Structure formats: structure tokens, C-alpha cells
Amino acid sequence: MDKIFIFDTTLRDGEQSPGASMNMQEKFRLAQQFVKMNVDVIEAGFPVASRGDFECVKNIADNVRGIQVAGLARCHERDIDTAWEALKNGENPRIHVFLATSEIHMIHKLKMSREQVLELAVASVRHAAQYTSNVEFSAEDASRSELDFVCEVFEAVIRAGAVTLNFPDTTGYAMPEEFGAKIRYLMKHIPSIDRATVSVHCHNDLGLATANSLAAVQAGARQVECTINGIGERAGNTAMEEIVMALRTRADLLDVATEVVTEQISVTSRMVSTITGMQVQPNKAIVGANAFAHESGIHQDGILKERTTYEIMNPCDIGLNQNNLVLGKHSGRHALHEKIKAMGYTVNDEQLSRVLERFKAVADVKKEMFDEDLEAILMDEVLRVPVSYELLSLGAMSGSKTLPTSAVLMRVNGKEARGCALGVGPIDATFRAIAQLTGTSSKLLYFAVSSITGGTDAQGEVMVRIEDNGTVVLGKGADPDIVTAAAKAYLNGLNRLQYLKNSK
Ligand SMILES: [Zn+2]
């Protein structure tokens, strides 16, 4: 079987989803997770775009091993030099340069002729190839470009040193059969094609990203660019979990395979949605909460008799274990540590102590602790930012005939502070009290409550997005009491804002 290389761009294209920005620590954590998943290449960012992007790419290239780290660059010398500067300590760094080849882009955006585009692509690839033999070239908007021109550019850039040729459906315009035919055409009409790997990068504007990627694989593409949960610009990118599980489930038909550890899919999906704040729709293929839920009696009956009657994939294959009941409040430090390791997290002694403490506090009020409960605590602790504001206790009153009031005791930069406020509801009152005590005036853009697991004793998880002076951050908090969860989420966001302010 031929190998399909998986190129994940969650950290670059995925981060371009509206509102999905990630900080350096979060990106690093995800990069480590991609190593665990055995992904082949990750695109860590666009180093020239900002100082922050540069630092993120450099941090990942410097410290993450066992994966190729790519950085994006336009066809400008400065972009390429900056990308290399960020990538150079990587194990097998890849410079990914791109230039549009469609008439629409060349005329309106680049204002360049075909000859100029061809010349610039070659010069840029040659420049990148001075740094590394691992150069990828993307013909932006390839699916709307004249195919013979793309062939001409690809042949020329192979000769200039590109070893991966990416054919993106930048606007999500292609149809599967048409897209497959284009890839087949490239394979036939580029004389030096056997010296390079053909890649595709599809967008989901018509809901066809996965279908188009599969059609391309059938036509000879050997690298697929994708993101976890399909996040990305506009309607998003090809979802990694979909392409990987489609190739695995229908290996009989496709005769190719990826080397992704599929058992890591579920945890990675949750990690991405927690970090970005972009929740996965329940009916999302592979990773949606309902992807393996059987509702109708006929289906349930069939599943009980024989799982394969209605299931084409085993939930265990994506890392969902049916039996996910974890430890109770009497569990010890060692057992908890073992469980944390089994879930794919690494914590140091200090983090373990804090996780244990919080775990016991939640287990005290909640009878059954699930993987998801532990994960919510872990995400918080592992991705912790320095704490300027800390909640000590809170009491909120609400009801149909009560004036909603909240009294908050907290620590503000090491000093205890207390205060209370009225609001339209208990959460509003709590947020007002916190804003007074911290002396902050951020704007709440988004507020969402969900329950981590089923049942009325489930932990509530609150996600907020707040803005201060143009900086937008996400805050998360979990607690069996939703007002407390909301307060934690709000404070988590304020701590992030404070951290960003201090690091500037
Ligand atoms: Zn894209």
C-alpha cells in the first residue's frame, strides 16, 4: 500500500478561523499532540506575519522532535528568510512557499503577468532551496487556474528544488470528479513529476473538502493538507479525522494508508475545540458527540446483536472507550497520575498536586467522574497562565422574586478583596462584582454554557470571549455550579489578558 502523508495545518490555516487564535503555549501543546498522533508534517505558522507567529514557529521547531515542521512564506525573499530563521533548528524543517496561478488572482491581486509569476515562483523556490532540500510550493487558487500553466509552473519549480507540489482548492470551488481529473492530468503532463510528491489542500465552502481530497488521492496525490475538526478560513479545511478514517475504513477500495495513530483522534479533537473555543457540532462526522450514538430502537437492537450491523467504524479506533468511568474521590496520587498518562497528558509534580486537589474537590460533589471531567481540569492546569486574579469563594442569589446579587471573595495580585454587585441575573451580578474588584473594563463578546457529561450533577463548562483594547481572549472554567464555572471562565480570560499585557 502507498503511504499518504498527512500535513496538518491546524496551527496555521486552522488558526485563521474567525476567533480561533491560540497562544504560544497552546500551539506548543498541540504540536506535541501531533507528534503523539504520528502526523507527518505540521504547518506551525506564517513566521513573517507577526512577531508572535515567528516565536511560535521557532519554539516548535527548536523543541519538538519526531515531526516535520513547516513554515509558510509568500514569494518574497524576506518571507523566506524569516521562515528559515524560525525553522532552522528543526529536525527536518520545511519551507512552504506559495504564489497564485489563477487569472483572477494574477490580474486583480498580484497584478503580474504569467511570465512574471513563473519567474518569481522559480526564483523563490531556488532561494528557499539554498536553506533546505525540503521545499514545498503551492499554486494558490490552483483549482481555478489554467491547468497547462500550473503544469508549466510545477515543472519549473521541481527543477528549482521543490519536492512537494501543492494543488489547493483555495476557494472550495471544485467538484470531486473534476478535481480528481485535474490531479490525474498533472501526473501525466509534468515531465519531472516522479521527483516530487503531489499534495492537495481543500476548503469546505461547498462541503466537499474531504470528497475532493479523496478524489485527489485516488488520482495519485500522496499528501493531504488538513486540520483537526476541519477548522480554517471560512467554512474550513479538509478535516483530518475524516480523511484518515475514510482511508482506513475503505482501505479495501483505495489501497493507500496513513500512519496516523487513529486512537489519538478523539482526544486531539477535544483539545482543539477547548483551545480554540470552537465547539464541534454534535452530528460532525467521526468526532461529533453523536457520531457513534444510536437512537432508534431498530438500530440499538441491531448494535446489541452485532455491532457491525450499523457501525462501520469501531469507536475504540478513534480513542473512544465505552468504559470511561474514572477514579473516585478516594483515588490516590499514583492512580491519578497513571490515568493522566494513559490519557496522553504529561504533568509535572506541581501540576499533578493541583490537578489532584481540584479533582478531589469536584469528586466530592459529583458521584461519577468521567475522562472528560478530568480532561477539563487537565486542560486548565496544563495550559495555565500566571494568575493575577483568583477566586476564593462566591455566593450568588437568584430566583423568580429575588434581586440577583453576588458576593465575591477573591485575591487580586496577592491581596484579598471582597465586594458585591447586583445584576440582571446571578452571572451578570458576579461578572460586575469581579470587574469592580479587578478594576477591569473588558467587553464580553461571547458566553456559552455546556455540560461536560450527562446528568444534572454534570460539571458545567463555561466559555467566554472577552475583549480589551482590541485584544480578544478566550476564558474557560468548569465547575458543578454554573455560576462558579462562569466566574472561573471570566477570571481565566482576565488572567490571559493580563498575561498578554505583561508580556508585551
Ligand atoms: Zn487554506
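The protein's secondary structure comes to 17 helices and 16 strands; these are DSSP runs numbered from the N terminus, with helices being H or I of at least four residues and strands E of at least two. Keep in mind that this is a predicted model, where local features need pLDDT of at least 70, side-chain atom pairs count only at pLDDT 80 or more, and totals for chains, interfaces and linings use all residues. Residue numbers start from 1 along each chain as its sequence is written.

**Overall build**

- The C-alpha trace spans about 75 × 60 × 45 Å along the principal axes of the protein.
- A compact globule of 504 residues would have a radius of gyration near 23 Å, and the 25 Å of this protein agrees with that. The radius is taken over C-alpha atoms, and the globule rule is 2.2 Å times the number of residues to the power 0.38.
- Of the 504 residues, 43% count as buried. Buried here stands for 20 or more other C-beta atoms within 10 Å of a residue's own, exposed for 12 or fewer, and partly exposed for in between, with C-beta atoms placed from the backbone.
- Take the contacts with a separation of 6 or more: residues 24 or more positions apart account for 66% of them. Two residues are in contact if their C-beta atoms, placed from the backbone, lie within 7 Å.

**Two helix pairs**

- Helix 2 (residues 51–63) packs against helix 3 (residues 77–87) at an angle of about 40 degrees, and their axes are 7 Å apart. Axes are lines fitted to C-alpha atoms, for helices over the stretch in contact, and angles run from 0 to 180 degrees between N-to-C directions.
- Helix 2 and helix 3 are therefore oblique to each other. The scheme is: under 35 degrees is roughly parallel, over 145 roughly antiparallel, 65 to 115 roughly perpendicular, and the rest oblique.
- On the helix 2 side, F54, V57, K58 and A61 meet T82, A86 and L87 of helix 3. By class, that contact has five nonpolar, one polar and one charged residues. Ala, Val, Leu, Ile, Met, Phe, Trp, Tyr, Cys and Pro count as nonpolar, Asp, Glu, Lys and Arg as charged, and the others, Gly among them, as polar.
- Helix 13 (residues 333–342) and helix 14 (residues 349–365) have axes that come within 11 Å and cross at roughly 105 degrees, so the two are roughly perpendicular to each other.
- R333, L336 and H337 in helix 13 meet L352, L356 and F359 in helix 14. That contact divides into four nonpolar, one polar and one charged.

**Sheet 11-12-13**

- Three strands make an open antiparallel sheet in the order 11-12-13; two strands pair if DSSP finds at least two bridges between them.
- Strand 11 (389–397) and strand 13 (415–422) are the edge strands, each pairing on one side only.
- Eight bridges join strand 11 to strand 12 (residues 405–412), and L391 stands opposite M410 in strand 12.
- Helix 16 (residues 426–438) lies across strands 11, 12 and 13, running at about 35 degrees to strand 12.

**Sheet 14-15-16**

- Another open antiparallel sheet of three strands has the order 14-15-16, with strand 14 (443–451) and strand 16 (471–479) at the edges.
- The twist in this sheet averages 15 degrees from one strand to the next.
- Strand 14 is joined to strand 15 (residues 460–468) by eight bridges, and K443 stands opposite E467 in strand 15.
- Helix 17 (residues 482–503) packs on this sheet and touches strands 14, 15 and 16; its direction makes about 145 degrees with that of strand 16.
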